[in-house]
Amino acid sequence: MGFLSWLSDRSSRRTQKRATPNAETPSPSAEIAPGFPLDEWEEVPAYLPVDPAEHLPACIIASAIAAGAQEESKLVVKSVSIANPEHRRVAVIATALGAGALDKSSFCVKRIYKKKEQKGMESDYAA
């Protein structure tokens, strides 16, 4: 009986964790870092959606690779995305700069932000 009570207690704790809001979600007045308010910055997505007309080749290739020699298998492709070149470029530069001093270091880029463009402001570039 002890095992069953432990198991039910554990499952009730999991449902309580799901019911409480996540502490990592930023509030509207939150900051990305000290001195960088969240409302002035926008997150750069790691992946961009693909045009629906280009889904077919990706679905065919993914299905062929996943099926392999198992002809009875079934694969459902729910979404197709492509890596964001801006995100990749910034991540590579940031990790290279961060690892420059330490030879055996490794970094994981979790989020990349860029400053929002303010509407109505003239550009610094000549036309």
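This is a predicted model: local features need pLDDT of at least 70, side-chain atom pairs count only at pLDDT 80 or more; totals for chains, interfaces and linings use all residues.
Visitor: Where in the chain is confidence lowest, and where is it highest?

Guide: The mean pLDDT of the chain is 76, and 70% of its residues reach 70 or more; pLDDT is the predictor's confidence in each residue, from 0 to 100. Confidence is lowest in helix α1 (residues 2–19), with a mean of 63, and highest in strand β4 (residues 47–49), with 91.

Visitor: What makes up the chain, in helices and strands?

Guide: The chain has 3 helices and 6 strands, in the order α-β-β-β-β-α-β-α-β from the N terminus. Helices (H or I, at least four residues) and strands (E, at least two) are DSSP runs, numbered from the N terminus.

Visitor: Why is the pair Lys 115 and Glu 40 called a salt bridge?

Guide: The term requires a side-chain nitrogen of Lys or Arg within 4 Å of a carboxyl oxygen of Asp or Glu. The closest N and O atoms of Lys 115 and Glu 40 are 3.7 Å apart, so the pair meets the cut-off. Lys 115 lies in strand β6 (residues 113–115) and Glu 40 in the loop between β2 (36–37) and β3 (41–43), so the pair ties together parts that are 75 residues apart in sequence.

Visitor: How many salt bridges does a search of the whole structure find?

Guide: The search finds 2. Glu 86 and Lys 114 also form a salt bridge, at 3.8 Å from N to O. Glu 86 belongs to helix α3 (residues 85–99) and Lys 114 to strand β6, so this pair ties together parts that are 28 residues apart in sequence.

Visitor: Why is Glu 86 called partly exposed?

Guide: Buried means under 20% relative accessible area, exposed over 50%, and partly exposed in between (1.4 Å probe, protein chains only). Glu 86 has 30% and therefore counts as partly exposed.

Visitor: What makes Asn 84 a cap of α3?

Guide: A side-chain oxygen of Asn 84 lies 3.1 Å from the backbone nitrogen of Glu 86, at the N-terminal end of α3. A polar contact is a pair of N or O atoms within 3.5 Å; within protein, one must be able to donate a hydrogen and the other to accept it, and residues adjacent in sequence count only if both atoms are side-chain atoms. The 3.1 Å separation lies within that limit. Asn 84 itself sits in the loop between β5 (81–83) and α3.

Visitor: Is Asn 84 buried or exposed?

Guide: Asn 84 has a relative accessible area of 6% and is therefore buried. Leaving out residues up to four places away in sequence, it touches Val 44, Pro 45, Ala 46, Tyr 47 and Leu 48; contact here means heavy atoms within 4.5 Å. His 87, in helix α3, is likewise buried, at 12%. Beyond four places in sequence, the contacts of His 87 are Val 44, Pro 45, Ala 46 and Ile 112. Buried residues make up 7% of the 127 residues in the chain.

Visitor: What span should the 15 residues of α3 have?

Guide: The expected span of a helix is 1.5 Å times one less than its number of residues. For α3 this gives 21 Å, and the end C-alpha atoms are 21 Å apart, which agrees. Helix α2 (residues 55–67), with 13 residues, reaches 18 Å from its first C-alpha to its last, close to the 18 Å expected.

Visitor: Which residue follows α2?

Guide: Gly 68 does, with a positive phi near 55°. In α2 lies His 55, which is partly exposed at 25%. A polar atom of the His 55 side chain lies 3.3 Å from the backbone oxygen of Val 50.

Technical notes. Residues are numbered from 1 along each chain as its sequence is written. Side-chain values use heavy atoms; hydrogens and water are left out.
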